[in-house]
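Work through the exercises below with the sequence and the model open. Try each task before reading its solution.

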Amino acid sequence: MTNVEDFAKTLINSKAREEQRLQAWRERNLARRRGEAVIPFKLHHPKRPKLAGKTHLVIGDPHAEPEVPNVRFDALGSFIAKLKPDVIVNIGDNWSLDSLLSFSIGQKGSRSYEGKRLIADLEAGIDALERVNHSIHRENQSLKKRGKPAYKPRKIFCIGNHEDRLTRLVEYEPRLEHVISLDDLMLDELGWETVPFEERLEVDGISYCHHFTSTRRMSAAKFVASSALSKRAQPVVFGHTHRRDFFEILGPNRTRIPALNAGCFFEHGMAYAHPQETDMWWRGLVMLHNVHDGQFDPEFVSMPRVFELA
């Protein structure tokens, strides 16, 4: 068969296929006009590789206080037991430690500086983390009965400025050295890996820290995520402002460099904060899916959803 005959045959087949497609389109359109359900053409779906990234759960500033029941931490524990993130990051300020407010330190005789108040503050935060551990323990008991491996997430705690009040208290009142310290938070006993205040820890390419130098002031919170990338262009997740913010830039090789401010995990108000400020706070949890090499898919879970999913 000559090249001309080959071309003619190809042309005839092409025209026939086009006529078939046109006829199929007419029939499908008629069916649509009659209100009938039209079954889509079957498409070839290429096999996609399984996502190899990990899941991180970020808990924004929880601010446990003696006056506020720790119900949300029961919900948090159930949420964790159900979704089983690989890494859990408490971004800091788990303890409010309002008894150590900087303006009240040294005011001897004031109720805010009583030892009983400090003990209550410490207990509130410890109880919060114990409730999370209790939910994980119950889940592991259930897994054991079903012959499945125990759930053992990596738990990371970034010391926040509120926990750092303990350190500042000792600096202000040296007589309390060896009497009170960050060890009283019981983080090691509760299974948390501790990141010192204002230091960062890199996990799967993400730098976690309570706050960075450029994000320290609440007033900078309007553009806080972009501000976090202004000093060092690397993926970062932080807390402190109680706001939700996300920003990313393009780095070398056109890779995305994200920055995320994780909001807060409490529903009550703060005596020191003006309502105009608290209205800007975002309350909930942040799930980072498919985490690898600093890349992630963020999911914001509001407080009502946390309780619904728990």
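This is a predicted model: local features need pLDDT of at least 70, side-chain atom pairs count only at pLDDT 80 or more; totals for chains, interfaces and linings use all residues.

Residues are numbered from 1 along each chain as its sequence is written, and side-chain values use heavy atoms, with hydrogens and water left out.

**Exercise 1. Find the residues that touch the most other members of the largest nonpolar core.**

Step 1. A nonpolar core is a set of buried Ala, Val, Leu, Ile, Met, Phe, Trp, Tyr and Cys residues joined through side-chain atoms within 4.5 Å. Buried means under 20% relative accessible area (1.4 Å probe, protein chains only).

Step 2. Pick the residues. The largest core has 38 residues, and Leu 57 and Leu 76 touch the most other members.

Step 3. Locate the suppliers. Elements giving at least two residues each include β1 (54–59), α2 (71–83) and α3 (115–145). The largest share, nine residues, comes from α3. Helices (H or I, at least four residues) and strands (E, at least two) are DSSP runs, numbered from the N terminus.

Step 4. Check Leu 57. Its contacts (heavy atoms within 4.5 Å) include Leu 76, Phe 79 and Met 287, leaving aside residues up to four places away in sequence.

**Exercise 2. Work out the strand order of the open sheet.**

Step 1. Read across. The six strands run β4-β3-β2-β1-β10-β11, with mixed pairing. Strands pair if DSSP finds at least two bridges between them.

Step 2. β4 (193–195) and β11 (295–302) each pair on one side only.

Step 3. Examine one pair. β10 and β11 are antiparallel, over seven bridges. Met 287 has Glu 299 in β11 as its bridge partner.

Technical notes:
Buried means under 20% relative accessible area, exposed over 50%, partly exposed in between (1.4 Å probe, protein chains only).
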